[in-house]
Amino acid sequence: MSNVVIVGAQWGDEGKGKVVDLFTSWADVVVRYQGGANAGHTLVVGGVKTVLHLVPSGVLHPGKKCIIGNGVVVDPEALMDEIDVLKSRGLLSDPTQLVVSENAHVILPYHKRIDAGREKKEAIGTTGRGIGPCYEDKVARRGIRVRDLGKPESLRTKLTARLDEANAQIASLGGEKLELKPLLDWALQLGRRMQPYVGDGSETLSHEVARGRAVLFEGAQGTLLDIDHGTYPYVTSSNTVAGNAVVGAGLGPTAIDEVIGITKAYTTRVGNGPLPTELNDATGEKLRTVGAEFGATTGRPRRCGWLDALVLRYAARVNGLSGLAITKLDVLTGFDTILVAVAYKLPDGKTVSEFPSDPELLNDAQPVYEELPGWKEPLGDLREYSELPANAQRYVERVEQLVGVETIAVSVGAERAQTIVRKNPFRHV
Ligand code: IMP
């Protein structure tokens, strides 16, 4: 069996949830390795809608092991809310189905207050879930980890040491300070509730791998939101790229066999920062309406534009993509012509065909488009690649050619069944 990483190849919201759900049916273990409750997957199974922010969507399949790795930042309240909903639906009846790494860092209320306060000043357009401030504490070696929630005395010492500084920061941002006692009680009570799920994620996973079980590493957000490789500073605070799958899960790089990049058939972004192919016109509006482009976590309207081949080629490079899955191809039905950016014209007159490593150059980059003929037929009922209209096939094949990576799946609608699978990444190693 093999181990597969799924990563967003754009700015997040590529429809990973649906692909993860499909791939989960082939995997035995599903692992989250970075990010936190800033991610959001809406899954519709048997007509019931479930929104998951932290628990891997594998939990909807009884018997599949789910691991929240050490690289995730865990909001204990959000986690327990999700667990309660799952249990009320008869899922997660066996607590050993889910392992939350005891070394994952915990998002505390002060992280959210700092995040919210900063947004009023800096406007990165964060999800307000405290992600950045929690990763800051991790790197500054003053974080609280999941294991700490089970140790009352040491938690009191650590929170006492941290709270004065956190409160000073909150106050400087115009927010309301926190008291130690209620904070401590809150954390300990959630720690007790989380206890049945807490364990050694790395050890559990390595044991599963040694048994030959197939592992799906479920990336959150997207490549262009990576803290190192994204459009800094308009990024999230973790490494979203595939290389972090093993770091955030506690394995070594040799554990990975395949890396699949998920891309929409066009481009979207929420939050601020450059988006070279953004369309502030009727075409952009059409993509947003037909594609229902509103954030799963915050409900914000997404910014929309044509596909950007420079972004995808860059994602192929920094993730080492071995396959692509293209989602929402059906949304492009009805356009006379479909555009794909193949180069940028920069303000100094130069034309570049590789994604620039200086994101500031993107602010004034003018996309150079290639025009491809559209198609009129709805795609939602098609299940074989060969049934796609000739121009839809031509579009997919041109994307493959521009990115240099083969397409292993094409999604043509929101339902689980509306997916054309060309290759199962778990079986060809
Ligand atoms: P943060 O992750 O909440 O700190 O937000 C930083 C940036 O990442 C903002 O532009 C967010 O909109 C973006 N972001 C975070 N999570 C997601 C996601 O799951 N999908 C899309 N964008 C996201």
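A search of the whole structure finds 26 salt bridges, each a side-chain nitrogen of Lys or Arg within 4 Å of a carboxyl oxygen of Asp or Glu. This is a predicted model, in which local features need pLDDT of at least 70, side-chain atom pairs count only at pLDDT 80 or more, and totals for chains, interfaces and linings use all residues. Residues are numbered from 1 along each chain as its sequence is written, and side-chain values use heavy atoms, with hydrogens and water left out.

Start with Asp75 and Lys112. Their side chains form a salt bridge, 2.8 Å from N to O. Asp75 sits in the loop between strand S6 (73–74) and helix H2 (76–88), and Lys112 in helix H3 (residues 109–122), so the bridge ties together parts 37 residues apart in sequence. Helices (H or I, at least four residues) and strands (E, at least two) are DSSP runs, numbered from the N terminus. Asp75 is buried at 4% relative accessibility. Lys112 is partly exposed at 29%. Buried means under 20% relative accessible area, exposed over 50%, and partly exposed in between (1.4 Å probe, protein chains only).

Next comes a pair of loop residues. Arg147 bridges to Glu102, with the closest N and O atoms 3.6 Å apart. Arg147 lies in the loop between helix H4 (131–139) and helix H5 (152–172), and Glu102 in the loop between strand S7 (98–101) and strand S8 (105–106), 45 residues apart. Arg147 is partly exposed, at 30%.

Helices H4 and H5 are themselves linked. Asp137 in helix H4 pairs with Arg162 in helix H5, 25 residues apart. Their closest N and O atoms are 2.9 Å apart. Asp137 is buried at 1%, and Arg162 is buried at 4%.

Finally, salt bridges with shared partners join Asp13, Lys264, Glu293, Arg302 and Lys328 into one network.
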